Amino acid sequence: MSATAAAPAPSVAAVVAATTAAQVAGAMGAAVFPVIAPELARTLGVQASLIGYQMSLIYGAALLGSMLFTWMVARYGGCRTTQIGMACCMVGLAAGFHASVAALVVTSVFIGVAMSINLPAAAHLLFRFSPPQHRNFIFSLKQTGVPLAWALMALVAPAITLTWGWRWALALVLLSALATLLALQLVRERWDDDRRPDLPVRARVFEGVRLVWRLPALRWLGVAAFGMAFVQLCVSTFTVIMLVEEAEYTLIEAGLMLSVAQIFGVLGRIAWGWLADRTGDSLRVLQWLTGGMLLCCAVIAFLRPDWPVPLTALLFAVFGATAIGWNGLYTAEVARRSPPGEISIATGGAMVWNFAGILAGPTAFTLVYALLGSYAWTYGAMAVMVAVIFLALHAARRAERGET
């Protein structure tokens, strides 16, 4: 028996810690830009609201990457694929140091590609090494990496930007990705002992998409994920700008309020994962979250500068817990419903819906804002998308019971 075969399986805690750290580093690559948008826009001489187009470009690249790179996990292993994602993130951030629109296009593409290959890699590792009875909680715990990254950027990036300049905020994210890449090398051989280097390098563009579409429950879950991702990225992308321009907050104050939403997104993901494991009904929990999103969209439409700070904080806490708290339940449900041996392929296909919502959300928000002239009213208009989410989840429940 080889040394690799005789090695003990890694602990669940180690795998969760590693995949979460990688997700934090990758997500910070996207999260840093909305937080520094007012200062970066001044440097480039453009409107801050155009950040919506950059976020759509990032997630458009992620969408394409989810279709092109599904083969990587099986060939290289989940750990090596994650390292490749960290390297892509670093290249993108390095390009971003050059203050130009063209450089930010390159940055956005590389960051999007990094995100697209990190998610299936993490799902593969977590499903392989986690006990089935705790998967909702474990996947939700790992998914805290995204709001944690946004919270960290919301807390530290404004101060760094105002003190030393926005390039230093990018440098912090680049160093985080580098540290994660190097740390993963220590466990790569043991964690990737299931890799198949003999597999051909080929882009099976629509394999994951076809797999998800073929299974009715996954299909409707994908539609719901489109809407939930749409709402989530609008909350994350436009909160700072809205509070600065319409509620008379400073950049640092607005960043702190965004961090409230992201921190409660972290707490929500953990709580919802625990609740889904206890109830055994992830779809029902997702429907409860949809109700919370609808309430927040209705309330935020009336946001004014004279609102008490605690009331605004409460609103964004609930918005964060609901609109940012759903991802772990979704990825765990996709992994659970995937055919044996095809988790990374199904996850890649499912993430196409996720990234499509993120791609559409900021751009649609920017266009609606141009018509309404109010960020708060535009948030209120998102109630239409929340209704779509609820209907899709209802259809997923019916498909689960065979009532397709």
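In this predicted model, Phe230 counts as buried, since its relative accessibility of 10% falls under the 20% limit. Phe226, by contrast, has a relative accessible area of 24% and is partly exposed. Both residues belong to helix H12, which spans residues 216-246, and they are separated by four residues, about one turn of the helix. In an α-helix there are 3.6 residues a turn, so residues three or four places apart point the same way. The rings of Phe226 and Phe230 form an aromatic pair with a centre-to-centre distance of 6.5 Å and an angle of 45 degrees between the planes, an arrangement classed as tilted.

A second aromatic pair joins Phe365 and Tyr379, whose ring centres lie 4.9 Å apart and whose planes make an angle of 65 degrees, so that the pair is edge-to-face by the criterion of over 60 degrees. This pair links distant parts of the chain, with Phe365 placed in helix H17 (residues 343-372) and Tyr379 in helix H18 (residues 375-381), 14 residues apart. Phe365 counts as buried at 2% relative accessibility, and Tyr379 likewise counts as buried, at 0%.

The loop between H12 and H13 contains Glu248, a residue other than glycine for which phi takes a positive value, near 65 degrees. Glu248 counts as exposed, because its relative accessibility of 65% lies over the 50% threshold.

Helix H7, formed by residues 135-143, is largely enclosed by the rest of the structure, because seven of its nine residues are buried. The buried residues of H7 are Arg135, Asn136, Ile138, Phe139, Ser140, Lys142 and Gln143. These buried residues pack against several other helices, namely H2 (12-44), H6, H8 (145-164), H13 (251-279), H14 (282-300) and H16 (327-337).

With regard to the arrangement of H7 and H8, the axes of the two helices come within 5 Å and cross at roughly 25 degrees. H7 and H8 are therefore roughly parallel to each other, as the angle is under 35 degrees. The contact brings Leu141, Lys142 and Gln143 of H7 together with Gly145, Val146 and Pro147 of H8. By class, the residues of this contact between H7 and H8 comprise three nonpolar, two polar and one charged.

Another helix contact involves H3 (residues 51-68) and H6 (residues 101-129), whose axes come within 7 Å and cross at roughly 45 degrees. The two helices are therefore oblique to each other, and H3 passes H6 in a right-handed crossing. On the side of H3, the residues that take part are Gln54, Leu57, Ile58, Tyr59, Ala61, Ala62, Gly65 and Ser66, and these meet Leu104, Val105, Ser108, Val109, Ile111, Gly112, Val113, Met115 and Ser116 of H6. The contact of H3 with H6 consists of eleven nonpolar and six polar residues, with no charged residue present.

Methods. Residues are numbered from 1 along each chain as its sequence is written. This is a predicted model: local features need pLDDT of at least 70, side-chain atom pairs count only at pLDDT 80 or more; totals for chains, interfaces and linings use all residues. Side-chain values use heavy atoms; hydrogens and water are left out. Axes are lines fitted to C-alpha atoms, for helices over the stretch in contact, and angles run from 0 to 180 degrees between N-to-C directions. Angles under 35 degrees count as roughly parallel, over 145 as roughly antiparallel, 65 to 115 as roughly perpendicular and the rest as oblique. A crossing is left-handed if the near helix is turned anticlockwise from the far one by less than a right angle, and right-handed if clockwise. Contact means heavy atoms within 4.5 Å. Ala, Val, Leu, Ile, Met, Phe, Trp, Tyr, Cys and Pro count as nonpolar, Asp, Glu, Lys and Arg as charged, and the others, Gly among them, as polar. Buried means under 20% relative accessible area, exposed over 50%, partly exposed in between (1.4 Å probe, protein chains only). Rings of Phe, Tyr and Trp (its six-membered ring) pair if their centres lie within 6.5 Å; planes under 30 degrees apart count as stacked, over 60 as edge-to-face and the rest as tilted.
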